[in-house]
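Let's take a friendly walk through a protein model. Have a look at the picture first, and then we will explore it step by step.

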Amino acid sequence: MAGLLALSRAIDRANEFIGKSVSWLILLAILVSAANAVIRKIFDISSNAWLELQWYLFGAAFMLAAAYTLKQNEHIRIDVVYGLFSRRVQHWIDLLGHLLFLMPFVTLMVVYFVPYVSLSFRSGEMSNNSGGLIIWPAKAILLVGFFLLALQGISEIIKKIAIMRGDMDDPNPFISAHEQAELEAKALADEVRS
């Protein structure tokens with residue numbers, strides 16, 4: 001198990017670095033959007049390439065940070081139902097969800113995206129929009145995003161098994177929305193008092 005946990009830590013570090021790094025792409029997308037709007041209004045000049053660049057940047061931030069979101073346990077789930085169960089049952093729900101839903105889906109996406117990206121790259125596929133960008137980088141971002149998500153899924157499975165076996169502490173203990181609100185209110189009250 002020690003070797004698997006070392007692999008999990010390496011995957012976590014890589015996805016954390018990538019996830020935090022690509023967050024800057026949101027700022028870049030905003031700057032491109034603002035510059036495009038200003039140039040369009042002042043000089044009456046516009047380009048589909050600028051619009052598509054915004055989409056590429058936002059898509060890259062979303063796809064390349066998906067694995068980091070999973071690592072941080074910030075993905076969407078129904079906490080109202082999830083919170084009714086004991087922590088052990090929650091771990092089983094997470095483990096089975098990763099094994100039965102996440103991993104088959106991301107594996108399928110990676111398998112199908114490899115020829116999809118390859119064909120787009122080989123053909124030099126371009127946007128249908130006049131003055132648009134080449135398409136294969138956007139498709140490659142999808143492939144990389146799903147690959148990183150698959151790696152993070154492996155890491156999460158390793159960690160869930162280790163937690164359930166008692167080989168490691170839970171890095172993301174579940175706190176219900178109500179408990180989180182109470183903690184935040186207490187922290188805010190303590191901050192105001194000091």
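Which residues does H98 touch, not counting residues up to four places away in sequence? H98 touches L70, M103, P104, E156 and I157, where contact means heavy atoms within 4.5 Å.

Before we go on, a word about what you are looking at. This is a predicted model, in which local features need pLDDT of at least 70 and side-chain atom pairs count only at pLDDT 80 or more, while totals for chains, interfaces and linings use all residues. Residues are numbered from 1 along each chain as its sequence is written, and side-chain values use heavy atoms, with hydrogens and water left out.

Now step back to see the whole protein. Its secondary structure comes to 7 helices and 0 strands, so reading along the sequence gives the pattern α-α-α-α-α-α-α (helices, H or I, of at least four residues and strands, E, of at least two are DSSP runs, numbered from the N terminus). The C-alpha trace spans about 60 × 50 × 30 Å along the principal axes. The radius of gyration of the protein is 21 Å, whereas a compact globule of 194 residues would have one near 16 Å. That radius is taken over C-alpha atoms, and the globule rule is 2.2 Å times the number of residues to the power 0.38.

What about the surface? The protein exposes about 12200 Å², and carbon and sulfur atoms supply 70% of this area (accessible areas come from the Shrake-Rupley method with a 1.4 Å probe, and for residues only the protein chains shown count as cover). Of the 194 residues, 32% count as buried. Here buried means under 20% relative accessible area, exposed means over 50%, and partly exposed lies in between, with a 1.4 Å probe and protein chains only. Among contacts between residues at least 6 apart in sequence, 75% join residues at least 24 apart.

Let's return to H98. You can find H98 in helix α5, which covers residues 87-123. With a relative accessible area of 7%, H98 is buried. The C-alpha atoms of H98 and I154 are separated by 8.4 Å, though these residues are 56 residues apart along the chain.

The UniProt record, an unreviewed entry, annotates residues 53-70, 91-114 and 134-155 as "transmembrane region"; positions are given in the numbering used here, feature names are shortened, and annotations may be inferred rather than shown by experiment. What does the model show over two of these spans? Residues 53-70 are 100% helix and 0% strand, with their end C-alpha atoms 26 Å apart. Residues 91-114 are also 100% helix and 0% strand, and their end C-alpha atoms lie 32 Å apart.

Next, visit helix α2, where R40 is found. R40 counts as partly exposed, at 33% relative accessibility. Leaving aside neighbours within four places in sequence, R40 is in contact with I45 and S46. Between α2 (24-43) and α3 (48-71) there is a loop, and D44 has its place there. D44 is not a glycine, yet has a positive phi of about 55°. At 69% relative accessibility, D44 counts as exposed.

Our last stop is E191 in helix α7, residues 177-193. E191 is exposed, with a relative accessible area of 56%. E191 and I161 are 30 residues apart in sequence and 38 Å apart in space, C-alpha to C-alpha.
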